[in-house]
Amino acid sequence: MSKPILNNYKLYLLVALMFCSISAVDSYRFDDYSVIYSIDQNDNFYEEINLKIYNNNSDDLYEISYTIPQETSNLTFNSSKEIDSYSITTDDAGATEVSVKLTEPIGPWQTGDLLVSFTGEVSDIGGKKQVYIIVPAFDSNFKLSVQLPEGAAIVSPVKDVLSISPRDYTVGTNGKSIFVEWEKELTSEEKYFEVTINYVLTGVITPSTTGENNEDLYRAVSIVLGVLVVALIFFIYRNYNKVKMINELQNEINGLNKGLEISHLNLQNKNKELQRLEELNEHVLKELDLSKNKLKDYELKINELNEEILQCRDQVGNHTKLKEELNSKDAVIKSLNDYKKLSEELKLKINELNGLIGEKERYIIELKEKIGDYESHKSETLMNILTDDEKQLIELIREHGSISQKEIVDVTGLTKPKVSRMISDLEQRGMVRKVKIGRINKIALSEDLDGSI
């Protein structure tokens, strides 16, 4: 295959692969997926890729990122959610990384859209034009439409090779241009979808100043194109097996070319990665040498530390005994300190008690003085509060030492009830007491009056 064909394959292959990066994002998917190619008279094409995005995540979707493994021209983005900003970076291998941020996010379980467009040039192969399109396959409703320039006629690039592949296409015209379309349910298991169209320009059709001439011209072109399509279908029908084999071979060649381009990009990346790994390996080797030297120093230090540890263990053994003795002494000292503290507290208590005792002794002395004074005047005081009959009774008892109640009645001449009442009153006041002598109770003075006056 010639170099122009490879360049053409590379262009379309890399453009299509940019969407593979989008599909790698598990948080969203493409429900509807359409690609539109429009080719003008100068073999320049304008490509639009429309994506209906479904957010199958529980978070708002603000950003869509993907990688285009080629340099792009006039790359633009549009969305009903509006584009807030986007960034485009190109690495040394020519791959373009794009990050698109939406002004309004796509909410959880909701849909949004994104339109990606850019321009390019159709390749010329020996005077014939060839369009090669390859796009990644997603689980989606897919439609691809190619509008050839005015005056284009579909031809076979070489003998016995299909002009259009794959075969499940439809052809239409608007009277000026030919449309080739594919519409199907894509699955991710197909991996990619490839299209090849070969055409030539039979001449540039310019509109005349007379409308009738234009209509006649368009009608003539439509008839010619219809005849060509019918002839092509008849030719394909008669040569089905041969064409099928050639088609499969062409697809295989296209796949190999695609794989070759991918392998070339992978090889460039691998070479860069190899260079990076070599530099990293060199750096690691230097670090390893430094680590070995440090390890030797650490081993020497470890040996020194082991010797110091052995010495410390011997010292620790002695220190352990000393520590045990010290702990014992500390316990004794603590106990003594507790005793000292308790002694000081008791000393304070004793001083307080001594003070209280001094006060009590002084109070006792005062009481004794008061008692003595009371004792010396008690009989006189008690006698002063007695009636004459009570005084006579006291004197009678003092004179006899003890006397019966009957004797008191006989001596004093007082009535028996009165004598009994007087004795009871004096007994309650503690001035007399009853003394049992034999079977008779006699009345005697109490200790307070005995020997006084």
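Modeller: A helix here is a DSSP run of H or I covering at least four residues. The model is predicted, and the protein chain in it has six helices and 18 strands.

Biologist: What separates Asp338 and Lys334 in helix α3?

Modeller: About one helical turn, because the two residues are four apart in α3, which spans residues 240-384. An α-helix has 3.6 residues a turn, so residues three or four places apart point the same way.

Biologist: What makes the pair Asp338 and Lys334 a salt bridge?

Modeller: Their closest N and O atoms are 3.6 Å apart. The cut-off is 4 Å between a side-chain nitrogen of Lys or Arg and a carboxyl oxygen of Asp or Glu, so the pair counts.

Biologist: Why is Lys334 called exposed?

Modeller: Its relative accessibility is 53%, and exposed means over 50%. Asp338, at 42%, is therefore partly exposed, since that class runs between 20% and 50%.

Biologist: How do you know that Asp124 and Lys129 meet in a salt bridge?

Modeller: The N to O distance is 2.4 Å, and the limit is 4 Å. Lys129 has 11% relative accessibility and counts as buried, the cut-off being under 20%. Asp124, with a relative accessible area of 39%, is partly exposed.

Biologist: Why is Trp182 called buried?

Modeller: Its relative accessible area is 1%, and buried means under 20%, so the label applies to Trp182. Trp182 is found in strand β14, residues 178-186. The residues it touches include Phe142, Leu144, Tyr169 and Phe193, leaving aside those up to four places away in sequence.

Biologist: How far is the backbone oxygen of Pro166 from a polar atom of the side chain of Trp182?

Modeller: The distance is 3.2 Å. A polar contact needs N or O atoms within 3.5 Å, and this pair falls inside that limit.

Biologist: Which residues of α6 are buried?

Modeller: They are Val419, Met422, Ile423 and Leu426. These residues cover an arc of only 100° around the axis, which puts them on the same side of α6. The face turned away from that side carries the exposed residues Pro417 and Gln428. Cover for the buried residues includes α4, α5, β17 and β18.

Biologist: What span is expected for α6, and what does it reach?

Modeller: Helix α6 has 13 residues and reaches 18 Å from its first C-alpha to its last. At 1.5 Å a residue, 18 Å is expected, so the span of α6 is close to the expected one.

Key: Residues are numbered from 1 along each chain as its sequence is written. This is a predicted model: local features need pLDDT of at least 70, side-chain atom pairs count only at pLDDT 80 or more; totals for chains, interfaces and linings use all residues. Side-chain values use heavy atoms; hydrogens and water are left out. Buried means under 20% relative accessible area, exposed over 50%, partly exposed in between (1.4 Å probe, protein chains only). The arc is that of the directions from the helix axis to the C-beta atoms. Contact means heavy atoms within 4.5 Å. A polar contact is a pair of N or O atoms within 3.5 Å; within protein, one must be able to donate a hydrogen and the other to accept it, and residues adjacent in sequence count only if both atoms are side-chain atoms.
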